[in-house]
Amino acid sequence: MTAEQKVQPYQIKAEPVPERFARGWYVVGNSASITTKPRMLKVFGSKLVAYRGEDDGEVHILDGYCPHMGGDLSGGEVKGNSVVCPFHLWSWGSDGACDHIPYAKKIPAKAVIKSWPTLEKNGLVFIWQDPENNAPIPEQEPEANADWYSGEWTDWEMRAIPIASQGRELVDNMADMAHFGPVHYSTVKSFRNEMQGHKFIQYMVGGHQILTEGEGGLITSVATYEGPAYMTTTMTGSMDGHPMRVHLLVSHIPVDKNNFIINFGVMMKKDPKLSPEENQAMLDEYTEKNIESFHQDVAIWNNKCVIDNPLMCDGDGPIHMVRKWYSQFMTDVAEIREDQIKHRQHVTIDGPTVEEVLAAQGQ
Ligand code: FES
Ligand SMILES: [Fe+2]
């Protein structure tokens with residue numbers, strides 16, 4: 001090789017951290033995590049207050065600092081559907097308008113704080129983030145999970161996991177076939193992706209370190225992002241010889257531009273032959289094993305760098321496709337291009353499909 005032909009060392013490129021947060025619905029916790037005791041949410045680079053109205057039972061989320069003199073509303077009290085600041089007792093309604101000042105004759109016209117759009121569905125509480133401040137996009141509302149409402153499944157077992165990284169890094173995982181072996185000790189027999197509109201799906205069949213199906217047995221996994229941050233996975237397999245069907249929640253919410261929390265959840269189809277305690281024990285065991293497996297990802301995310309020009313090889317999954325899809329949520333609605341949302345499919349490993357494996361297992 002002559003000096004002219006020598007390949008130059010690869011230069012990793014990375015744009016500065018984006019100024020905005022991706023538009024969409026984010027999970028702040030399960031339903032039980034929001035009560036009539038105000039809870040502080042450190043999200044989107046600021047502090048918000050979440051509480052449940054005493055009268056309407058609904059979840060409300062407001063900006064967390066009182067504009068009177070900066071009191072922390074999460075230290076206050078809920079009265080009716082309002083939250084009362086602990087500093088001088090100004091009361092803020094669920095629409096964000098000040099509705100009472102105990103020592104004033106007139107409420108200042110400017111006394112309004114931001115009331116964030118919220119949604120309670122599938123046992124989870126969501127908040128809508130939009131840099132353009134528009135109302136939630138109706139088609140992007142998370143779909144109802146019939147299993148959560150059926151009574152045949154457990155509730156979510158939740159954990160919050162802090163990670164020093166950005167959302168896009170987590171979303172890469174959807175297309176990153178090659179990390180399952182080294183990071184999760186899983187074998188992948190088939191791997192497909194599909195995008196359309198605000199959804200991105202990963203279909204995988206393989207062997208799995210927790211849900212193994214025994215010699216030659218297979219697990220199936222279908223992971224779906226609805227918007228930039230709400231991801232649920234349905235998995236089948238068996239643990240210690242016991243057939244399992246589970247939904248995982250892997251939903252992240254930014255704390256600031258360089259950190260996010262993963263609101264991680266597991267719900268499991270109850271085995272009617274087992275007692276509630278035995279079902280709970282199985283859920284606990286599975287959740288702990290999953291958290292362990294998840295921390296294998298976390299260790300990677302906490303230490304890796306952001307790379308905008310990843311050096312791909314022919315066996316890799318469609319990282320560029322998932323990033324293109326994700327970019328729609330960083331784009332003003334009026335500027336969204338067809339290639340960010342159009343229907344596309346990609347097969348990284350052609351093998352047995354999820355449907356074929358489920359049919360063979362009689363599911
Ligand atoms: S700072 Fe909130 S009432 Fe004064
Ligand atoms: Fe992973």
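**Close-up views of a predicted model**

**Figure 1. Strand β18 and its partners.** In β18, Phe 260 is the bridge partner of Ile 163. The model is predicted: local features need pLDDT of at least 70, side-chain atom pairs count only at pLDDT 80 or more, and totals for chains, interfaces and linings use all residues. Residues are numbered from 1 along each chain as its sequence is written, while chains are lettered from A and ligands numbered from 1 in the order in which they are written. Strands (E, at least two residues) and helices (H or I, at least four) are DSSP runs numbered from the N terminus, and two strands pair if DSSP finds at least two bridges between them. Strand β12 (residues 157-163) runs antiparallel to β18 and is joined to it by seven bridges. Strand β17 (residues 242-256) also pairs with β18 in the antiparallel sense, over ten bridges. Ser 251 stands opposite Asn 263 of β18. Two residues lie between β17 and β18, which form a hairpin. Of the ten residues of β18 (residues 259-268), nine are buried, so the strand is largely enclosed by the rest of the structure. A residue is buried if 20 or more other C-beta atoms lie within 10 Å of its own, exposed if 12 or fewer, and partly exposed in between, with C-beta atoms placed from the backbone.

**Figure 2. The buried face of helix α5.** Helix α5 (residues 319-327) has Val 322, Trp 325 and Tyr 326 as its buried residues. Seen down the axis of α5, these residues fall within an arc of 100°, so they line one face of the helix; the arc is that of the directions from the helix axis to the C-beta atoms. The buried residues of α5 pack against α2 (167-172), β13 (187-196), β14 (199-207) and α6 (338-341). Contact here requires C-beta atoms, placed from the backbone, to lie within 7 Å.

**Figure 3. The open sheet containing β2.** Four strands form an open sheet in the order β2-β3-β4-β9, with antiparallel pairing. At the edges stand β2 and β9 (115-116), each with a single partner strand, so one side of each is left without a neighbour in the sheet. Five bridges pair β2 with strand β3 (residues 46-52) in the antiparallel sense. Val 43 has Ser 46 in β3 as its bridge partner.

**Figure 4. The contact between the two domains.** The chain is divided into domain 1 (24-140) and domain 2 (148-360), with bounds that come from an automatic or database domain assignment. The C-alpha centres of domain 1 and domain 2 lie 31 Å apart. Domain 1 gives 16 residues to the contact and domain 2 gives 21 residues. On the side of domain 1 that touches domain 2, β1 (24-30) and β2 (39-43) each supply at least two residues. The largest share of that side, seven residues, comes from β1.

**Figure 5. Val 7 in the segment before β1.** Val 7 is found in the segment before β1. With 6 other C-beta atoms within 10 Å, Val 7 is exposed. Val 7 and Gln 280 are 273 residues apart in sequence and, C-alpha to C-alpha, 57 Å apart in space. For the chain, the C-alpha trace spans about 80 × 70 × 35 Å along its principal axes. Buried residues make up 35% of the 363 residues in the chain.

Note on methods
Two residues are in contact if their C-beta atoms, placed from the backbone, lie within 7 Å.
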